[in-house]
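Dear colleague,

Please find below the structure I am handing over to you. My findings follow directly after it.

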Amino acid sequence: MFDAPIPGMSLTHELGARPWQSPAQYTTVDEAVEYYLERMSTDEFMNQMADVLEMNVPVTTLANTIQLAGVMDGKHSVDVGMLVMPLLMEMIMLIGDNAGVNYDSGLTDAPNNTTKDTLIEAVRKEMQEKINEAEEESKEPEQEEIEEEPKSGLMARR
Amino acid sequence: MPLVNPGQKLYFNMDIENLDVPAKKSESKGLLAPVKNMMKESEDDRTKQPAFTVGQHMLLFRKERERIKYV
């Protein structure tokens with residue numbers, strides 16, 4: 001909540017200093033579609049997208065993020081982004097189907113009561129780290145005892 | 001205010017199942033066939049809408065997805 005920008009923060013830069021404040025690079029939907037299709041049809045992008053879909057990130061979220069990034073980069077306007085978004089979703093789902101991923105389309109309103117595998121994995125990692133830390137802490141005093149040097153001072157007790 | 005993802009609404013608003021692409025008229029090669037297209041171009045403005053182009057692209061992707069599913 002406190003990370004949100006303060007009122008007037010957007011006016012602290014000169015007008016036109018941000019990419020989205022200057023005219024968009026692609027002004028028509030056709031140009032924007034061509035731009036996205038070209039970007040999304042690369043092997044690298046498709047592999048990355050399949051990985052993200054595997055993590056159960058909804059397709060709607062991905063499409064929104066992609067078009068929002070386009071707006072922020074000054075590639076196209078917000079309205080062109082809105083028009084292109086369904087196509088992005090269809091393209092992402094095609095990539096998922098092609099890779100054989102069981103993805104979450106984000107099109108259903110029903111609450112998903114199943115626990116995500118990624119969440120379980122994150123919790124497992126966190127717990128593992130805590131266990132490792134606790135083990136290390138319990139080991140440390142023993143090592144110190146072993147490493148104790150024999151006292152060789154003149155007044156040392158024998 | 002929570003951020004709202006418009007993706008779901010936009011996707012369902014496209015309604016590409018009922019996207020009827022106007023069929024091309026068969027070009028007759030008769031001697032008396034009109035050379036110029038006398039139909040007004042403004043008659044089907046719907047096809048000039050950007051959403052229509054997007055819908056056509058989506059339809060292609062949808063067909064490809066269905067083909068993959070049933071292979």
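Chain B of this predicted model contains two helices and zero strands. Of the 71 residues in chain B, 13% are buried.

The contact between the two chains draws on 22 residues from chain A and 19 residues from chain B. On the side of chain B that touches chain A, the elements giving two or more residues are α1 (7-14) and α2 (50-69) of chain B. The greatest share of that side comes from α2(B), which supplies twelve residues. Sorted by class, the residues on the side of chain B that touches chain A comprise ten nonpolar, five polar and four charged.

One helix pair across this contact may be of interest to you. Helix α1 of chain A, residues 29-40, packs with α2(B) at an angle of about 30°, and the two axes are 9 Å apart. Angles under 35 degrees count as roughly parallel, and α1(A) and α2(B) are therefore roughly parallel to each other. From α1(A), the residues that make the contact are A:Val29, A:Asp30 and A:Val33. Their counterparts from α2(B) are B:Pro50, B:Thr53, B:Val54 and B:His57. By class, this contact of α1(A) with α2(B) consists of four nonpolar, two polar and one charged residues.

Yours sincerely

Technical notes:
Residues numbered from 1 in each chain as written. Chains lettered and ligands numbered in written order. Predicted model: local features only at pLDDT ≥ 70, side-chain atom pairs only at ≥ 80, totals over all residues. Contact = placed C-beta atoms within 7 Å. Helix = DSSP H or I, 4+ residues; strand = E, 2+ residues; numbered from the N terminus. Nonpolar A, V, L, I, M, F, W, Y, C, P; charged D, E, K, R; others polar. Axes fitted to C-alpha atoms, helices over the stretch in contact; angles between N-to-C directions. Parallel < 35°, antiparallel > 145°, perpendicular 65-115°, else oblique. Buried ≥ 20, exposed ≤ 12 C-beta atoms within 10 Å, placed from the backbone.
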